[in-house]
Amino acid sequence: MMCRRTMVAPLCAASALTYALLAAGSLDASPQAGNAASPDGSRTRARVERLASEAFGGREAGSDGERLAAAFIADELARIGARPLPGRRDMFVPFEFTAGSRDGKTAIVITSASGPAAGRRFDNQQVDALSFSESAKDISGPAVFAGYGIVVPESQTFGYDSYAGLDVKDKIVVLLRYFPEDADPAAKAILVRYSDLRYKAQAARQRGARGVVVITGPRSPNAGRTVPLGSDTAAAGSAISAVSVTGDVANLLFTGTRSLDEVQKELDSGNPHVAGFALPLTISLTTDVILEKGTARNVVAYLPATPSASGVAKPWVVVGAHYDHLGRGTHGNSLAGGNEVGRAHPGADDNASGTAAVLGIADALAKQPRRRNVVLALWSAEEIGLVGSAKFIAQPPVPVPDIAAYLNYDMVGRMQDNKLTIQATGTSPAWASLLERANVAAGFDVVLQEDPYQPTDVASFNLAGVPSLSFTTGAHVDYHKPSDTADKIAYDDLDRIAALGATIVERLLAQDQPPAFVKVEQSSQTAGRTGIRVFTGTIPDYASTAKGLLLSGVIGGGPAEQAGLTKGDVLIEIAGQSITNIYDYTYALELLKVGTPVKVVYMRGSERRETMMTPGARR
Amino acid sequence: MTPDPIFRWYPIAVKPLRALTLVILTATGIAAAAAQSAPPAQASPERELLSRVRRLTLEGRRAGEGYWSADGRRLVFQSEREPGNPFYQIYTLTLATGETMRVSPGYGKTTCAFIHPTTGDVLFASTHHDPRSRELQKEELDFRASGKERRYSWDYDPEMELYVHNAKTGALTRLTNAQGYDAEGSYSPDGRWIVFSSTRQAYGRTLTPAERKQLETDPSFFGEIYIMRSDGTELRRLTTVNGYDGGPFFSPDGTRIVWRRFDEQGLIADVFTMKLDGTDVRQLTSFGAMSWAPYIHPSGRYLLFASNKLGFENFEVFMVDIDGRKEPIRVTYSDGFDGLPVPSPDGQQLAWTSSRGGGREGQIFLAQWNHDKALALLAAAPERKR
């Protein structure tokens, strides 16, 4: 399960999916084994253990481990009786992808008539290209400071325009990261939505700026530091050269004017409409963002219809899961901490479990007559942005309109309390009825979620107009960590999930009428940051003036209580966001994802402690 | 077997303190930090009695009132899932196959079904003979489409009459024919009798001005328990106390009737039993809350019911010994609605209606029931506070 890309960098890693399990809220330890015994001869455990083994090294897209895993999966598929797709010799479908970005020879040259800044050149030690920057040489222009560089659209009925009265055409815009630190809460709540660096760069470009230099002000978090490139691979360029610089360089830019500290203080505390001003120097930018390319491979096979699917409406059903994971966690989305850093991430649940579910479904279907063809698709490069499934849709081996339905499995190995979440049920009116019938025998405590805009491969098929379902047992404390190991998988339940899947596919294969597709409007919840969606079960002390967020209590059984938090604790950091007051906390909550564990740092008395908390859904 | 007091009472079902907090914080734009009022669902204590909890109904806006066939192979329930009809219709679900079948006409309103113990016929209440049925469906659909939200209220439609669906022929036979709400019917274990609730006493006579006003504001006030033969003959009225008497079922040995009685204001309800002639009335609960939807376990030793003792909107399932000597014991631990508990004929499973799947609307859930544990807990319970 990949992390969502719409978030600011430090949160990205923490913002994968998984939801309603919070409904269960319960991390109560005894995973209740289903009554259904493991089918005789089930290879589920063996498959998960193999995929999660050290030999495959965490199955990072493009790695040797990924290739070995793909070969293993292809062997299993062949053993089941699946074949390469018509016209193909084997089951491997390689594709190129962007594995990440790194800085090459980015530099900044400052020229001015006189003073310490004159003619100074800085390179990688003190300047980093932003990950979405264009790569370009010697983009130069007069420097102009544009405050926080925030433009709030008029539709917000809240005037804030850092560019009001400021001409930045053909100039290099210098702007502050984040948003005014001391704005009142209502203002802050609006400003935060327009303070994303991509958005700021776009605003500068639209006003004719040639380049952007981001500085992290002395009064802001991460003061004086550059913005790390991270693993932002959703890196459609911004069509503008953009860099961040250290505090030393920033101070040089302000020589001959008021000090940066003073200027930021005024922007933060006083009238937010402090005008920008020209800096008495010229800046030349050279930006060099190197995209690291890799080659990954989907494994795609099929079980042909028996005797043939000719004359059947929409003769294909696709069942899929991603098999790639995070390797050793070197490319960003790992949540490994302490001595776990750098170790292989076995991804037993994420997503050896889903891979095993697909293979288990194939086992069952291979033994039966089939009125439609069943594609078995194991995706790679899911963890870096659903790349494998998107490639399948972009270059479909069978016509997309001929696909009756897609079933997706992502993290189905950690069943708790018999709860199975089924997502994307809004993509067809046929699903509820079909699932109800299939589940009577399967007996899961099913939670339905209509939303198909999930951070897993089901999103690719939904966008292509294919009625889809995605199955998950939800996130857990080992999510995206080296501790996501095969010994923690609930194998009996995993077999039950595969059995339910086989039943659903059987029904789909038998139906004359394939399910109708319904487009689900993307809710504001998944479209962006539009308010708090999560439930943490904290009861803040509103009267406290202590630094941090003092808890006056926690709601029994809620995520905070389960994370071990209690009355009197002071939260100081959540998901990498420092918390100094309730407004910081509100902002931090706005960025959390339901079901995704986040690190919480808190003070208990004078002791600094850390825990993981999994926010639930606010109803 | 009452239709949804939970929905009926939503208009005033607000937790004042929490609601106030939310309003204030929303106004200052930091609702979020405080909107932590959404409570977590399903704590583990209920695993003592309920295991392998699973959701049975998934289709439609909501479902409820699930009752077992005598052989335990089928459930009959009501669900809003008929295309074009916003009201409940009646369905049977065959547990071995997962297949459902509608047994009601598909139009009009229906409620509260029960399966005949020997013939498999299905008893339910319906308004489909009302010529305005389709018009009323459209009105309701239009209202919902308008985006306005009327908190659902059960209207005690005086057109409700009892029908029986013949399992062999599929034919519908009308059993009652009296102005007033006739519904909430169930069969005796031998299938020869039906108990039900009716407001017929408020119709066909001259009402006092106070009664007329009462009928307009809350017709359920006139609900009383009636018994008749399963062919609709030999009708007898069993209760005569003001306030809504409803949801009657026979005891497993067929000698008594369990039901719930609301007070005159319709806010407090308690569970009672009586003999089939209406004598020997015994009150089994006294929470001072809305305790209703009782159903006796097939062992005959205790019964399950729902109560909002723990919070106006928070209904939980409780159980109490058959004589009501001991304090009732809580069964479910889940926010929102848990009610209408119905044990399977073998006593090993429990079907009930719950909103634990998300949202406000209920669906039917199923779990394994630990009968031995239930007996042990009941034996250890203290004397009931009265």
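**Entry 1: what covers H11(A)**

I looked up what lies over the buried residues of helix H11 of chain A. The cover includes strands E15 (419-423), E16 (445-449) and E17 (468-472) and helix H13 of chain A, together with strand E4 (89-94) of chain B. I note here that the model is predicted.

Which residues of H11(A) are buried? I listed A:Trp431, A:Leu434, A:Leu435, A:Glu436, A:Arg437, A:Ala438, A:Asn439, A:Val440 and A:Ala442. That is nine of the twelve residues, so H11(A) is largely enclosed by the rest of the structure.

I then checked the length of the helix. From its first C-alpha to its last, H11(A) reaches 16 Å, close to the 16 Å expected at 1.5 Å a residue. After the helix comes A:Gly443, and I read a positive phi there, near 70°.

**Entry 2: H11(A) against H13(A)**

I went on to the packing of H11(A), residues 431-442, with H13(A), residues 491-510. Their axes are 10 Å apart, and the packing angle is about 140°. I noted the crossing of the two helices as right-handed.

Which residues meet? On the H11(A) side I found A:Leu434, A:Ala438, A:Asn439 and A:Ala442. On the H13(A) side I found A:Arg496, A:Ala499, A:Leu500, A:Thr503, A:Ile504 and A:Arg507. Sorted by class, this contact of H11(A) with H13(A) has six nonpolar, two polar and two charged residues.

**Entry 3: H9(A) against H13(A)**

H13(A) also packs with helix H9 of chain A, residues 348-366, so I looked up that pair, whose axes come within 8 Å and cross at roughly 50°. H9(A) and H13(A) are therefore oblique to each other. I noted a right-handed crossing for this pair.

From H9(A), the residues in the contact are A:Ser353, A:Ala356, A:Ala357, A:Gly360, A:Ile361, A:Ala364 and A:Leu365. They meet A:Leu494, A:Asp495, A:Ile497, A:Ala498, A:Ala499, A:Gly501, A:Ala502 and A:Val505 in H13(A). By class I have eleven nonpolar, three polar and one charged residues for the contact of H9(A) with H13(A). A:Ala499 is one of the H13(A) residues in this contact, and A:Ala499 is also listed in the contact with H11(A).

**Entry 4: B:Phe222**

I moved to chain B and picked one residue. Where is B:Phe222? I found it in the loop between helix H5 (209-217) and strand E12 (224-229) of chain B.

Is B:Phe222 buried or exposed? I counted 23 other C-beta atoms within 10 Å, and 20 or more are enough, so B:Phe222 is buried. Leaving out residues up to four places away in sequence, B:Phe222 touches B:Thr199, B:Gln201, B:Ala202 and B:Leu215. I also looked at B:Asn242, which is 20 residues from B:Phe222 along the chain; their C-alpha atoms are separated by 6.6 Å.

**Entry 5: the two chains**

Last, I took down totals for each chain. Chain A has 16 helices and 25 strands, and 56% of its 619 residues count as buried. Among contacts in chain A with a separation of 6 or more, 81% are between residues 24 or more positions apart.

For chain B I have six helices and 24 strands. Of its 386 residues, 46% are buried. Residues 24 or more positions apart account for 47% of the chain B contacts with a separation of 6 or more.

Technical notes
Residues are numbered from 1 along each chain as its sequence is written. Chains are lettered from A and ligands numbered from 1 in the order in which they are written. This is a predicted model: local features need pLDDT of at least 70, side-chain atom pairs count only at pLDDT 80 or more; totals for chains, interfaces and linings use all residues. Axes are lines fitted to C-alpha atoms, for helices over the stretch in contact, and angles run from 0 to 180 degrees between N-to-C directions. Helices (H or I, at least four residues) and strands (E, at least two) are DSSP runs, numbered from the N terminus. A crossing is left-handed if the near helix is turned anticlockwise from the far one by less than a right angle, and right-handed if clockwise. Two residues are in contact if their C-beta atoms, placed from the backbone, lie within 7 Å. Ala, Val, Leu, Ile, Met, Phe, Trp, Tyr, Cys and Pro count as nonpolar, Asp, Glu, Lys and Arg as charged, and the others, Gly among them, as polar. The expected span of a helix is 1.5 Å times one less than its number of residues. Angles under 35 degrees count as roughly parallel, over 145 as roughly antiparallel, 65 to 115 as roughly perpendicular and the rest as oblique.
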